[in-house]
Amino acid sequence: MNIVTGTPADLSSEIMAGVARYRHRVFVEKLGWQLRCENALEYDQFDRDDTVYVVAHNAAQEVVGTARLLPTTRSYLLGDIFPHLLGGMPIPHSPDVWELSRFAAVDFSAHSSSALAQFSSPIAVGLLQASLECAARHGAKRFITVSPLGVERLLRIAGFKAHRLAPPTVVDGNPVFACSISCEVQCRESEAIC
């Protein structure tokens with residue numbers, strides 16, 4: 001697996017188009033999310049010039065994982081769209097808190113059962129580790145994220161320091177929760193470049 005990171009200015013237009021196609025395939029086609037998309041490309045208002053992307057490719061150069069990293073000092077998904085998931089907590093707004101969103105690790109060329117099962121795959125674990133390291137290099141001490149309830153157990157099994165920020169809530173028929181993941185203890189040297 002090869003992981004590249006950067007803002008849209010750092011990454012080629014081919015990589016960015018691959019990310020948008022992959023996200024459409026995972027979130028719209030596989031998971032059935034109701035997102036506004038054009039030409040089978042998934043972008044939203046949080047895909048900006050300062051957004052940092054972490055992209056995993058397999059040996060055939062196919063996208064097998066993506067993550068979107070946003071500083072909470074500007075507009076972000078949890079703060080703008082899902083603040084109710086924080087259970088009344090103040091919305092994080094700090095240079096050392098970053099949001100992890102649009103995280104996916106589905107290898108469409110592999111034979112696996114579900115998108116959720118692939119979260120514990122070596123691709124998912126490597127992608128999350130690279131995302132944590134990348135965010136830490138940008139000054140982050142922790143991630144916040146909106147996650148399906150099943151991800152909580154998988155984070156613990158994989159050894160990530162994560163905890164709920166508030167009780168789970170049902171959104172579009174699925175239980176989700178706001179989660180905090182430490183960027184500190186888990187950092188190690190990586191081939192990912194930020």
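Modeller: Gladly, and let's begin with the largest pocket, which has a volume of about 1,300 Å³. Please keep in mind that this is a predicted model.

Biologist: What makes a residue part of the lining of the largest pocket, and how many residues line it?

Modeller: A lining residue has an atom within 4 Å of a pocket point. The largest pocket is lined by 42 residues, and F27, L31, W33, R102 and V146 lie nearest its centre. Elements that give two or more residues to this lining are α1 (13-30), β4 (97-104), β5 (142-148), α4 (150-157) and β8 (174-182). With six residues, β4 gives the most.

Biologist: How does the lining of the largest pocket divide into nonpolar, polar and charged residues?

Modeller: There are 28 nonpolar residues in the lining, along with eight polar and six charged ones.

Biologist: How do you know that β4 and β5 pair, and in which sense do they run?

Modeller: Two strands pair if there are at least two bridges between them. Three bridges join β4 to β5, so they count as a pair, and they run parallel. Within this pairing, V97 stands opposite R142 in β5. Strand β5 also pairs with β8, over seven bridges and in the antiparallel sense; here S147 stands opposite F177 in β8.

Biologist: Why is the pair of Y22 and F108 called edge-to-face?

Modeller: A pair of aromatic rings is described by the distance of the centres and the angle of the planes. The ring centres of Y22 and F108 are 6.0 Å apart, which is within the 6.5 Å limit, so the rings pair. Their planes stand at 75°, which is over 60 degrees, and therefore the pair is edge-to-face. The count of aromatic pairs comes to one. This pair links distant parts of the chain: Y22 is in helix α1, while F108 is in the loop between β4 and α3 (122-137), 86 residues apart.

Biologist: Is Y22 buried or exposed? And why is F108 called partly exposed?

Modeller: Y22 has 5% relative accessibility, under the 20% cut-off, so Y22 counts as buried. F108 has a relative accessible area of 26%, which falls between 20% and 50%, so F108 is partly exposed.

Biologist: What lies over the face of F108?

Modeller: R25 does, at 3.8 Å from the ring centre. Elsewhere, R164 lies over the face of F177, at 6.0 Å from the ring centre.

Biologist: What makes the phi of R102 worth a remark?

Modeller: Phi of R102 is near 50°, a positive value in a residue other than glycine. R102 lies in strand β4. At 8% relative accessibility, R102 is under 20% and therefore counts as buried. Q61 also has a positive phi, of about 65°, although it is not a glycine. Q61 is found in the loop between β2 (52-57) and β3 (63-71).

Biologist: And how many helices and strands does the protein chain have?

Modeller: The protein chain has four helices and eight strands. From the N terminus on, the elements run β-α-β-β-α-β-α-β-α-β-β-β. Buried residues make up 49% of the 194 residues in the chain.

Note on methods:
Residues numbered from 1 in each chain as written. Predicted model: local features only at pLDDT ≥ 70, side-chain atom pairs only at ≥ 80, totals over all residues. Heavy atoms only, no water. 1 Å grid on protein atoms, 1.4 Å probe; cavity = no way out; pocket = protein on both sides within 12 Å on 5 of 7 lines; lining within 4 Å. Points joined across faces, edges and corners; volume = space filled by probe spheres on them. Nonpolar A, V, L, I, M, F, W, Y, C, P; charged D, E, K, R; others polar. Phe/Tyr/Trp six-rings, centres within 6.5 Å; stacked < 30°, edge-to-face > 60°. Buried < 20%, exposed > 50% of the residue type's maximum accessible area, 1.4 Å probe, protein only. Lys NZ or Arg CZ within 6 Å of the ring centre and 35° of its normal.
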